[in-house]
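I opened a new notebook page for this chain.

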Amino acid sequence: SEMINPVIIRTVGILSRQGKLPQPPEEFMLAPEYEIDCISQLAQAQRRSQLQSLMSGLSLVGEMANYAPSVLDKVNQDKVVDETWSIVGAPQSVLRSDEEVQVLREEKAKMAQQQAMMDQSQQGAELLEKGSKVDLNLAKAQKEGKNES
């Protein structure tokens, strides 16, 4: 790290001055301090161990949920995804931001609500149709009863 960091910093500086680097993210422009993090093989192995622990914990919670579903309320699913993503070192650029996720979830909730309303309307229409048939059959039966008397 002590040997590699200065070389990386110099290389980034040279490439930046030559215009060979892509435009940095907006967050970086707002706070341009950055730190280079070289991850050793040992550190990577420790992270993999964290992932195994996380997966074991989630598995246990899943088993407990078979008997007490409320235990799932304790697990923050978004944090699990973020932590897992970080541990495996996958690119953050493919994950949606918290704001994007919120908008997406709101849209899904609206769609589910609209679907529920449509289902209720359809059930109401079916009940009306059945009620109309019952009324017709009742009227028909009453008419036939009067004709026989």
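**Terms first.** I call a residue buried under 20% relative accessible area, exposed over 50%, and partly exposed in between (1.4 Å probe, protein chains only). The areas come from the Shrake-Rupley method with a 1.4 Å probe, and for residues only the protein chains shown count as cover.

**Ground rules.** I am reading a predicted model, where local features need pLDDT of at least 70 and side-chain atom pairs count only at pLDDT 80 or more, while totals for chains, interfaces and linings use all residues. Residues are numbered from 1 along each chain as its sequence is written, and side-chain values use heavy atoms, with hydrogens and water left out.

**Entry 1: the overall build.** I looked up the helices and strands, which are DSSP runs numbered from the N terminus (helices: H or I, at least four residues; strands: E, at least two). The chain has five helices and zero strands. From the N terminus, the order reads α-α-α-α-α.

Next I checked the radius of gyration, taken over C-alpha atoms; the globule rule is 2.2 Å times the number of residues to the power 0.38. The chain has 31 Å, whereas a compact globule of 149 residues would have a value near 15 Å. Along the principal axes, the C-alpha atoms fill a box of roughly 110 × 45 × 20 Å. I also looked up burial: 5% of the 149 residues count as buried.

**Entry 2: the salt bridge.** I needed the rule here: a side-chain nitrogen of Lys or Arg within 4 Å of a carboxyl oxygen of Asp or Glu. How many salt bridges does this rule give? The count is one. Arg 105 pairs with Asp 78, and their closest N and O atoms are 2.6 Å apart. The pair links distant parts of the chain, with Arg 105 in helix α5 and Asp 78 in helix α4, 27 residues apart.

**Entry 3: the negative patch.** I noted the patch rule: residues have over 30% relative accessible area and no salt bridge, like charges are joined within 9 Å, and nonpolar side chains (Val, Leu, Ile, Met, Phe, Trp, Tyr) within 5 Å. Lys and Arg count as positive, Asp and Glu as negative; His and the chain ends are not counted. Each charge is placed at NZ of Lys, CZ of Arg, CG of Asp or CD of Glu.

I found Asp 82, Glu 83, Asp 98, Glu 99 and Glu 100 gathered in a negative patch on the surface. The elements giving two or more residues to this patch are α4 (77-88) and α5 (98-148). Helix α5 gives the largest share, three residues. Glu 99 sits in helix α5. Glu 99 counts as exposed because its relative accessibility is 57%.

**Entry 4: distances.** I took some C-alpha pairs.

- Glu 129 lies in helix α5. Glu 129 is 68 residues from Val 61 in sequence and 48 Å from Val 61 in space.
- Tyr 34 is in the loop between α2 (26-30) and α3 (41-65). Tyr 34 and Gln 120 are 86 residues apart in sequence and 55 Å apart in space.
- Val 71 is in the loop between α3 and α4. Val 71 and Glu 35 are 36 residues apart along the chain, and 38 Å separates their C-alpha atoms.
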